[in-house]
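Please look over the structure shown here.

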Amino acid sequence: MNSVILAADVDFMIKGIFSYQIFGQTVWITTTHVCLLIVLLLFVVFGLCAHHVIVNADPYAKPGTFQNIVELIVEMLDNMIKGCMGKSATKFLSYVSTLFCFILVCNLSGLLGLRPPTADYGVTFPLGLITFGMIFYNKIKHQGVGGFLKGLCDPWPIWAPINIIGDVAVPVSISLRLFANILSGTVMMALVYGLLSRIAWGWPGFLHLYFDVFSGAIQTYVFCMLTMTYVADAINAE
């Protein structure tokens with residue numbers, strides 16, 4: 001009986017907070033929207049602080065801790081993107097850097113007691129669609145329509161349907177990979193706190209270290225690396 005009661009307390013679903021009517025349709029504001037807003041506010045505050053520190057930095061003075069952190073983040077992202085995309089890195093530096101930081105902060109938001117927005121497929125799938133749009137646009141831009149159609153028929157025209165399916169599957173595969181890994185961590189932590197709430201003191205922190213920090217960072221890197229690889233292949237980058 002006690003186990004049934006504890007199991008009923010387990011909750012890892014997306015919750016609707018309030019709804020409103022628009023054009024006769026009911027639109028819900030969910031916990032995902034709230035978490036996304038919190039992440040956005042964190043970015044705005046961090047960006048304003050970083051801008052203030054960098055603009056007012058004394059080039060002859062020793063940089064402070066916060067300035068060192070900002071410069072370290074920028075340098076690491078620059079090296080990662082240039083190492084994957086080569087000469088084309090400067091064109092996509094801003095987008096990939098923003099994408100990396102956004103996904104990473106969303107994945108780490110579980111440490112703040114939030115439900116990670118990336119555990120919602122409604123967040124990860126649009127990110128995959130953006131990547132797909134960039135791939136398609138750069139293929140047409142750099143390879144031309146003829147080159148694009150030739151690539152679909154490679155190595156033989158009979159393979160065109162399979163190549164089309166492979167291209168269309170890109171946003172689904174990369175978005176599902178991110179979504180499934182983050183959701184699995186969310187479910188595991190919900191089970192721990194729901195079924196073992198009486199003894200969940202201290203030690204779940206080690207699970208958060210794995211599911212939120214380690215797995216979250218790995219999935220962020222994988223998503224961005226796949227994005228850069230696909231786009232670089234589309235423009236035939238070195």
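The points below go from the whole chain to single residues.

This is a predicted model, in which local features need pLDDT of at least 70, side-chain atom pairs count only at pLDDT 80 or more, and totals for chains, interfaces and linings use all residues. Residues are numbered from 1 along each chain as its sequence is written, and side-chain values use heavy atoms, with hydrogens and water left out. The protein chain has 7 helices and 2 strands.

**Overall build**

- Helices (H or I, at least four residues) and strands (E, at least two) are DSSP runs, numbered from the N terminus.
- Along the sequence, the elements of the protein chain follow the order α-β-β-α-α-α-α-α-α.
- The C-alpha trace spans about 65 × 60 × 40 Å along its principal axes.
- Of the 238 residues in the protein chain, 32% are buried. Buried means under 20% relative accessible area, exposed means over 50%, and partly exposed lies in between (1.4 Å probe, protein chains only).
- A contact means heavy atoms within 4.5 Å. Among contacts between residues at least 6 apart in sequence, 66% join residues at least 24 apart.

**Surface and charge**

- The protein chain exposes about 14,500 Å². Carbon and sulfur atoms supply 71% of that area. Accessible areas come from the Shrake-Rupley method with a 1.4 Å probe; for residues, only the protein chains shown count as cover.
- The chain carries 11 positive and 12 negative charges, and their mean positions are 4 Å apart. Lys and Arg count as positive, Asp and Glu as negative; His and the chain ends are not counted. The place of a charge is taken as NZ of Lys, CZ of Arg, CG of Asp or CD of Glu.

**The salt bridge**

- A salt bridge is a side-chain nitrogen of Lys or Arg within 4 Å of a carboxyl oxygen of Asp or Glu. By this rule the count is 1 salt bridge.
- Asp 167 and Lys 139 form a salt bridge, with their closest N and O atoms 3.7 Å apart. This pair links distant parts of the chain: Asp 167 sits in helix α6 (residues 160–195) and Lys 139 in helix α5, 28 residues apart.
- Asp 167 is partly exposed, because its relative accessible area is 24%. Lys 139 has a relative accessible area of 15%, so Lys 139 is buried.

**A buried arginine**

- Arg 115 is in the loop between α4 (89–108) and α5 (121–152).
- Arg 115 is buried yet has no salt bridge. Its nearest side chain of opposite charge is Asp 120, 5.5 Å away.
- The side chain of Arg 115 does reach the backbone oxygen of Ala 119, at 3.5 Å.

**Strand β1**

- Ile 17 belongs to strand β1 (residues 16–22). Ile 17 is partly exposed because its relative accessible area is 46%.
- Not counting residues up to four places away in sequence, Ile 17 touches Trp 28, Ile 29, Thr 30, Thr 31 and Val 34.
- Ile 17 and Ile 54 are 37 residues apart in sequence; their C-alpha atoms are 39 Å apart in space.
- Ser 19 is also in strand β1. Its relative accessible area is 36%, so Ser 19 is partly exposed.
- Beyond its neighbours within four places in sequence, Ser 19 is in contact with Thr 26, Val 27 and Trp 28.
- From Ser 19 to Leu 129 is 110 residues in sequence and 27 Å in space, C-alpha to C-alpha.

- Ser 97 lies in helix α4. With a relative accessible area of 14%, Ser 97 is buried.
- Leaving aside neighbours within four places in sequence, Ser 97 is in contact with Leu 77 and Ile 81.
- Val 172 lies in helix α6. Val 172 is partly exposed, with a relative accessible area of 34%.
- Val 172 touches Tyr 121 and Phe 125, not counting residues up to four places away in sequence.
- Val 172 and Thr 124 are 48 residues apart along the chain, and their C-alpha atoms are separated by 9.2 Å.

Technical notes:
A polar contact is a pair of N or O atoms within 3.5 Å; within protein, one must be able to donate a hydrogen and the other to accept it, and residues adjacent in sequence count only if both atoms are side-chain atoms.
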